[in-house]
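User: I am new to this one. Could you put it on screen and walk me through a few of its features?

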Amino acid sequence: MSERVVFEYALLRVVPRVERGEFFNAGVVVYCRPKGFVEARTELDEGKLKALDPAADVTGVRAALRAVEGICRGGADAGQAAGDDVGRRFRWLIAPRSTVIQPSPVHSGLTTDPAAEVERLFDLLVR
């Protein structure tokens with residue numbers, strides 16, 4: 001059996017009108033330092049978005065969520081963060097901000113498979 005290691009995760013929340021503070025979960029970011037792993041999984045529920053803000057920029061929100069996934073993947077998709085290690089990219093993504101896409105507080109757990117945690121948490125907390 002593989003050794004269990006610590007991982008951290010944050011939800012990605014869509015906050016269409018920041019001044020109202022209403023949000024819904026649209027993704028999860030998982031980071032596992034011992035495995036050098038960071039990955040995001042996102043999915044935009046357009047119905048929820050439009051219910052909270054009928055005038056929301058669906059294309060812009062979808063692009064912001066895809067950008068988070070790109071930063072996690074690294075390389076050309078990460079833009080200026082391309083040269084950063086996975087820990088630095090995770091810390092940048094989970095930094096508090098007042099934008100349409102906001103991270104939740106960070107939570108932690110133990111896992112033998114961080115990639116499986118991405119799917120488990122996504123199914124549990126986003127879908």
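Analyst: Let us begin with Phe122, whose place is in helix H4 (residues 114-125). Helices (H or I, at least four residues) and strands (E, at least two) are DSSP runs, numbered from the N terminus. This is a predicted model, where local features need pLDDT of at least 70, side-chain atom pairs count only at pLDDT 80 or more, and totals for chains, interfaces and linings use all residues. Residues are numbered from 1 along each chain as its sequence is written, and side-chain values use heavy atoms, with hydrogens and water left out.

User: Is Phe122 buried or exposed?

Analyst: Phe122 counts as buried, at 0% relative accessibility. Buried means under 20% relative accessible area, exposed over 50%, and partly exposed in between (1.4 Å probe, protein chains only).

User: Which residues is Phe122 in contact with, leaving aside its neighbours within four places in sequence?

Analyst: They are Ala26, Gly27, Val28, Arg41, Thr42, Glu43 and Arg127; contact means heavy atoms within 4.5 Å. Ala26 is 96 residues from Phe122 in sequence, with 8.7 Å between the two C-alpha atoms.

User: New topic: how many aromatic pairs does a search of the whole structure find?

Analyst: The search finds two. Rings of Phe, Tyr and Trp (its six-membered ring) pair if their centres lie within 6.5 Å; planes under 30 degrees apart count as stacked, over 60 as edge-to-face and the rest as tilted. Phe7 and Tyr9 form a stacked pair, 6.1 Å centre to centre with 25° between the planes. Phe7 is buried at 2% relative accessible area, and Tyr9 is buried at 14%.

User: And what about Tyr31 and Phe90?

Analyst: Their ring centres are 5.0 Å apart and their planes are at 20°, so this pair is stacked. Tyr31 lies in strand S2 (residues 24-32) and Phe90 in helix H3, so the pair ties together parts that are 59 residues apart in sequence. Tyr31 counts as buried at 8% relative accessibility, and Phe90 is buried at 0%.

User: How do H2 and H3 cross?

Analyst: The axes of helix H2 (residues 58-73) and helix H3 (residues 86-93) come within 9 Å and cross at roughly 160°. Axes are lines fitted to C-alpha atoms, for helices over the stretch in contact, and angles run from 0 to 180 degrees between N-to-C directions. H2 is therefore roughly antiparallel to H3, a label for angles over 145 degrees, while those under 35 count as roughly parallel, 65 to 115 as roughly perpendicular and the rest as oblique.

User: Which residues meet there?

Analyst: Val68, Ile71, Cys72 and Arg73 in H2 meet Arg89, Trp92 and Leu93 in H3.
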